[in-house]
Structure formats: structure tokens, C-alpha cells
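This report walks through one protein model.

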Amino acid sequence: MATKVRLSGERATLLATLWGRALDARSSASILHDTMAIQVVEQIDFDFRRTGLRPGEEYTVALRARQIDVWAKEWLATHPEATVLHLGCGLDSRAWRLDPGPGVRWFDVDYPDVIELREKLYPPREHYTAIGSSVTDLAWLEQVPADRPVLVVAEGLVYYLREDEGRALFHTIVERFPLGQFVFETLSRRGMKLQKMNKAMQTAGAKVYWGIDSVAELESIHPRLRCVTVMSALDLDGYAALGFKYRLLVGLGRLIPTLRKMATFYRLSF
């Protein structure tokens with residue numbers, strides 16, 4: 001039987017990103033090749049046309065996920081004995097896409113109802129643990145051994161956190177682990193205001209809280225944090241292969257500082 005889904009707020013946005021990855025995987029010009037997303041969609045009793053994802057937006061979903069995947073692979077290639085914290089994992093199959101070696105312990109973390117849903121849809125895998133908790137309830141970290149370097153992946157999460165909670169989350173992780181890297185994307189404060197135009201967020205009833213305008217704001221969270229890479233979402237690799245409309249919009253956006261800084265990808269090491 002198909003699994004029924006009833007989610008609201010930021011939880012519901014995971015349906016739009018899942019649908020975007022599945023649409024991309026079905027395309028002959030797929031960017032992410034997340035065929036597991038197709039399998040998961042087919043197990044869910046839900047009309048994904050109701051997610052608010054507009055035609056063509058699956059490409060931006062796939063490009064964003066691919067960039068995070070690339071950075072994660074790079075870090076894991078040099079840290080084969082590591083821990084991965086995939087925060088706000090939703091219904092992402094990242095652990096299967098990256099398929100890290102046996103020296104990597106992988107933890108997917110999201111709200112209990114999301115993890116319960118994941119466990120109905122995804123098969124078990126070795127060296128993998130799913131933790132049902134709000135990421136800001138820091139007690140969940142007690143379930144994670146702190147004896148290895150850590151990679152923290154937080155795609156589509158940071159702007160849903162309140163600033164004090166987000167800073168506490170980052171600070172606590174840096175204090176707990178010997179070394180590591182955060183890989184995530186943010187919205188600027190102006191970008192947050194523009195999210196009223198984001199149909200998928202409107203449909204879900206999701207709200208954003210934490211806007212970040214500079215590297216300094218992030219590095220101020222902890223003295224050990226250092227920015228390795230900062231990249232505008234408009235500079236993601238792959239736009240050149242998209243249709244003329246998207247290439248034109250991206251090209252124009254790159255010329256406008258406010259739009260160029262609206263969404264940014266970061267790598268922070270410690």
C-alpha cells in the first residue's frame with residue numbers, strides 16, 4: 001500500500017524537493033541522477049503537483065543538491081574515517097547517492113515524524129543511523145560518538161532556524177568534535193523577504209527566520225570556524241546546459257548585487 005503523507009510548515013517543503021529530484025531523474029538530461037527519488041515518490045500517496053514546485057524548478061533543486069554532494073565527496077575523500085551529520089535530511093537519499101565507505105558513520109537527523117516516514121520508504125544500510133529530533137534540541141548529539149572528524153551537511157535548513165538556535169547548533173558541534181566541516185546554503189536578509197515569491201514555501205506555509213549577509217557573521221559563531229568557500233547560488237555549475245530562459249535569468253541576476261547575494265553556499269572548516 002502507498003504511504004499517506006500529512007506534513008505542514010517547513011516539513012512539507014521536503015515534498016517539493018523530493019519531487020524536484022524525481023523529475024530531474026526522469027529527464028534525459030538529468031543533473032543529479034537520483035533514481036531513488038523516483039522510487040520513493042512512487043511509494044507515497046500524494047499529488048505532488050500540489051507542492052507548488054513550478055515547471056523548470058527541478059533544475060535548481062538538482063543543481064543545489066549536486067553542489068552539496070560535490071563538496072561532501074571532496075571532504076570524505078580526504079577523511080575516510082569520519083562521521084556525517086545530515087541535518088534536516090527530509091526524504092533525501094544522499095547517503096545512498098554518496099555511498100561512503102565503511103569507515104564513515106552516517107547520521108540522518110530530522111523531526112520524529114519525518115524519520116518515521118523515512119523508515120517506511122528507505123531500506124536499512126550499514127553504518128547508518130536515523131535520529132528523530134528537532135536539530136535544535138541538542139540532546140540528540142549525545143547519540144553521536146565524537147571521536148572522529150565530522151562533516152555537517154545542512155541543505156535547505158539554516159534559514160528555517162531562528163538565529164540564536166542556529167548559532168547554538170553550530171557552536172555546540174564545533175565544541176564537540178575534534179575537527180570538521182559544515183556544508184550548507186543560506187539566504188540573505190533581503191533574500192528572506194523575497195521568499196514570499198517562492199510558491200513551494202507559500203504552499204507549505206513555511207517561514208524563514210535566519211538571514212545571513214556575510215562570512216563574518218558565521219565565523220563569529222566560534223573562534224575555530226574559518227570560511228573555506230563562499231559561492232553565490234547563481235554561480236553553481238550547470239546553468240549553461242539549461243534552457244535559454246534560465247540562462248537569461250541567471251545572467252541578469254549575476255549583474256544585480258542584491259540578487260547575486262540572495263542565496264549563498266558556504267563551506268566552513270574548524
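## Aromatic rings

Rings of Phe, Tyr and Trp (its six-membered ring) pair if their centres lie within 6.5 Å; planes under 30 degrees apart count as stacked, over 60 as edge-to-face and the rest as tilted. Which residues form one aromatic cluster? They are Phe170, Phe182, Phe184, Trp210, Tyr266 and Phe270. The model is predicted: local features need pLDDT of at least 70, side-chain atom pairs count only at pLDDT 80 or more, and totals for chains, interfaces and linings use all residues. Residues are numbered from 1 along each chain as its sequence is written, and side-chain values use heavy atoms, with hydrogens and water left out.

A pair of aromatic rings is described by the distance of the centres and the angle of the planes. The pairing rule gives a count of 10 aromatic pairs. Two of them are described below.

## The pair Trp96 and Tyr128

The ring centres of Trp96 and Tyr128 are 5.4 Å apart and the planes stand at 55°, so this pair is tilted. The pair links distant parts of the chain. Trp96 belongs to helix H4 (residues 94-98) and Tyr128 to strand S5 (residues 128-132), 32 residues apart. Helices (H or I, at least four residues) and strands (E, at least two) are DSSP runs, numbered from the N terminus.

Are these two residues buried or exposed? Buried means under 20% relative accessible area, exposed over 50%, and partly exposed in between (1.4 Å probe, protein chains only). Trp96 has a relative accessible area of 18%, so Trp96 is buried. Tyr128 is buried too, with a relative accessible area of 18%.

## The pair Phe170 and Trp210

Phe170 and Trp210 form an edge-to-face aromatic pair, with 6.1 Å centre to centre and 80° between the planes. This pair also links distant parts of the chain, 40 residues apart. Phe170 is in helix H6 (residues 163-176). Trp210 is in the loop between helix H8 (199-204) and helix H9 (215-219).

Phe170 is buried, because its relative accessible area is 3%. Trp210 counts as buried at 2% relative accessibility. Both residues belong to the aromatic cluster.

## Charges over rings

A charge sits over a ring if NZ of Lys or CZ of Arg is within 6 Å of the ring centre and within 35 degrees of the ring normal. Arg118 has its charged end over the ring of Tyr122, 4.5 Å from the centre of that ring. Arg125 lies over the face of Trp96, 5.4 Å from the ring centre. Trp96 is the residue that pairs with Tyr128.

## Overall build

The protein has 11 helices and nine strands. What is its radius of gyration? The value is 18 Å, which agrees with the value near 18 Å for a compact globule of 270 residues. The radius of gyration is taken over C-alpha atoms, and the globule rule is 2.2 Å times the number of residues to the power 0.38. Along the principal axes, the C-alpha atoms fill a box of roughly 50 × 50 × 35 Å.

Of the 270 residues, 54% are buried. Contact means heavy atoms within 4.5 Å. Among contacts with a separation of 6 or more, 74% come from residues 24 or more positions apart.

## Cysteines

How many disulfides are there? The count is zero, where a disulfide is a pair of cysteine sulfur atoms within 2.5 Å. Cys89 is buried at a relative accessible area of 4%. Cys227 is partly exposed, at 24%.

## Two histidines with positive phi

His33 is not a glycine, yet has a positive phi of about 60°. His33 sits in the loop between helix H1 (13-26) and helix H2 (35-42). His33 is exposed, with a relative accessible area of 54%.

His127 also has a positive phi of about 60°. His127 lies in the loop between helix H5 (112-121) and S5. His127 is partly exposed, with a relative accessible area of 42%.

Leu85 is in strand S3 (residues 82-87). Leu85 is buried, with a relative accessible area of 0%. Beyond its neighbours within four places in sequence, Leu85 contacts several residues, including Phe107, Trp140, Leu141 and Phe177. Leu85 and Leu141 are 56 residues apart in sequence and 9.6 Å apart in space, C-alpha to C-alpha.

Thr203 lies in helix H8. Thr203 counts as partly exposed at 41% relative accessibility. Leaving aside neighbours within four places in sequence, Thr203 touches Arg50, Thr51 and Gly52.
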